[in-house]
Amino acid sequence: MIPVSEPLLDERVLSNVEEAVRTGWISSEGRFIAEFERRWAAYCGVSHGVAVCNGTVALEVAMVALALPPGSEVILPSFTIISCVAAVLRAGCRPVLVDCEPDTWCLDVAEVARKITEKTRAVMAVHMYGHMADMEPLMELARKFGLVVIEDAAEAHGGEYRGRRAGGIGTIGCFSFYANKIVTTGEGGMVVTDDAKLAERARSLRNLCFRREQRFLHTELGYNFRMTNIQAAIGLAQIERIDEHLLRKRRMASCYDERLRHVRELSLPTERPGVKNVYWMYGIVLADALPFDAATFAARLKERGVDTRPFFLGMHEQPVLRNLSLFAGEIFPVTERLARRGLYLPSGLGLGEKDIDAVCAAVRGCL
Ligand SMILES: Cc1ncc(COP(=O)(O)O)c(C=O)c1O
């Protein structure tokens with residue numbers, strides 16, 4: 001079976017982890033944490049990084065740190081992972097969905113403009129499968145209406161929009177470092193921002209809102225969302241190889257492009273001018289004319305030894321959210337189509353050209 005993803009871990013990861021273990025710094029203090037935060041924030045082009053234990057809680061910490069008035073509306077794409085809506089709800093805000101663009105699969109900024117009301121306080125842009133959302137018009141809207149912008153850059157490490165890195169453009173950026181991400185810490189996440197006060201709030205929320213002067217006197221309820229020094233040890237070794245990881249992803253994408261470009265029944269990932277797609281996962285979308293959907297196609301590929309993953313199912317189609325009386329009667333045609341006709345092919349960092357040949361032969365065979 002050709003796996004859909006696998007991490008690339010080297011000797012440096014081992015020696016860093018060994019150092020953490022040998023020195024006894026295995027919880028959330030130690031030299032790797034501060035260094036990982038500093039290096040990742042600098043890589044994103046901002047001043048502050050706050051490491052947390054996964055990408056889902058990075059979004060939650062970011063939302064709670066922003067301290068938006070209860071009931072504030074936060075606009076976000078329906079086509080995303082549930083972590084995004086969960087963070088909005090857990091911060092006491094109301095999620096307002098928009099559809100996504102059919103080619104980049106990121107939120108449609110024109111629709112964001114149409115959904116702004118007097119209660120809107122924020123927009124969450126999710127950079128999908130490696131391609132960044134259209135940040136310039138989005139930031140312009142945000143300036144015009146006084147909105148904060150949360151970037152979910154979990155899937156776009158190192159992605160660029162007109163020379164600026166994913167996560168470093170909005171008010172606050174969130175990352176996941178799960179094992180399938182371009183930079184991994186096993187499990188892990190980070191919040192990055194240029195706003196010192198916001199970073200301080202995120203830092204405090206991550207660590208139970210302990211106070212410097214009187215540790216066990218609390219004026220706010222926090223969380224234990226700390227990252228361990230062992231995770232940061234892995235992450236630091238990974239940052240050192242990010243350029244190589246990005247090169248591998250882009251090479252993988254051009255290999256797939258070459259082999260699948262002429263297959264009329266498929267749409268392939270795009271790269272808009274001025275954007276650097278990092279092709280975190282190589283997604284394909286089946287033409288409507290095909291008499292089967294992505295789930296059937298994935299099952300057939302599995303029979304031929306190729307592992308895949310389905311695209312996200314829209315938030316407006318989630319029973320758990322519908323049961324909260326959210327999004328009743330809402331329709332997002334692009335999201336619905338992607339959910340039924342989209343899947344991603346093996347995209348691991350260790351994938352070789354021969355694997356890609358085999359995957360593409362299987363894809364053609366199944367079509
Ligand atoms: C866009 C996006 N946001 C957030 C997350 C959540 O990250 P984690 O799995 O680390 O909680 C993911 C997970 O893969 C993701 O793809």
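**A salt bridge and a ligand site**

Arg-38 forms a salt bridge with Glu-35, their closest N and O atoms being 2.9 Å apart, where a salt bridge is a side-chain nitrogen of Lys or Arg within 4 Å of a carboxyl oxygen of Asp or Glu. The model is predicted, and local features need pLDDT of at least 70, side-chain atom pairs count only at pLDDT 80 or more, and totals for chains, interfaces and linings use all residues. Residues are numbered from 1 along each chain as its sequence is written, and side-chain values use heavy atoms, with hydrogens and water left out. Both Arg-38 and Glu-35 belong to helix H2 (residues 31-44), three residues apart, about one turn of the helix; helices are DSSP runs of H or I with at least four residues, numbered from the N terminus. Across the whole structure, a search finds 28 salt bridges.

Turning to the ligand, there are 13 residues around it, of which Thr-56, Asp-152, Glu-155, Ser-176 and Lys-181 come nearest, a residue being near if one of its heavy atoms lies within 4 Å of the molecule. Helix H3 (residues 55-66) gives the largest share of this shell, three residues.

Among the polar contacts (pairs of N or O atoms within 3.5 Å), a ligand nitrogen is 2.6 Å from an N or O atom in the side chain of Asp-152, and a ligand oxygen is 2.6 Å from an N or O atom in the side chain of Lys-181. Taken alone the ligand exposes 390 Å², and the protein buries 89% of that, areas coming from the Shrake-Rupley method with a 1.4 Å probe.

Definitions and conventions:
Polar contact = N/O pair within 3.5 Å; in protein donor to acceptor, adjacent residues only side chain to side chain. Helix = DSSP H or I, 4+ residues; strand = E, 2+ residues; numbered from the N terminus.
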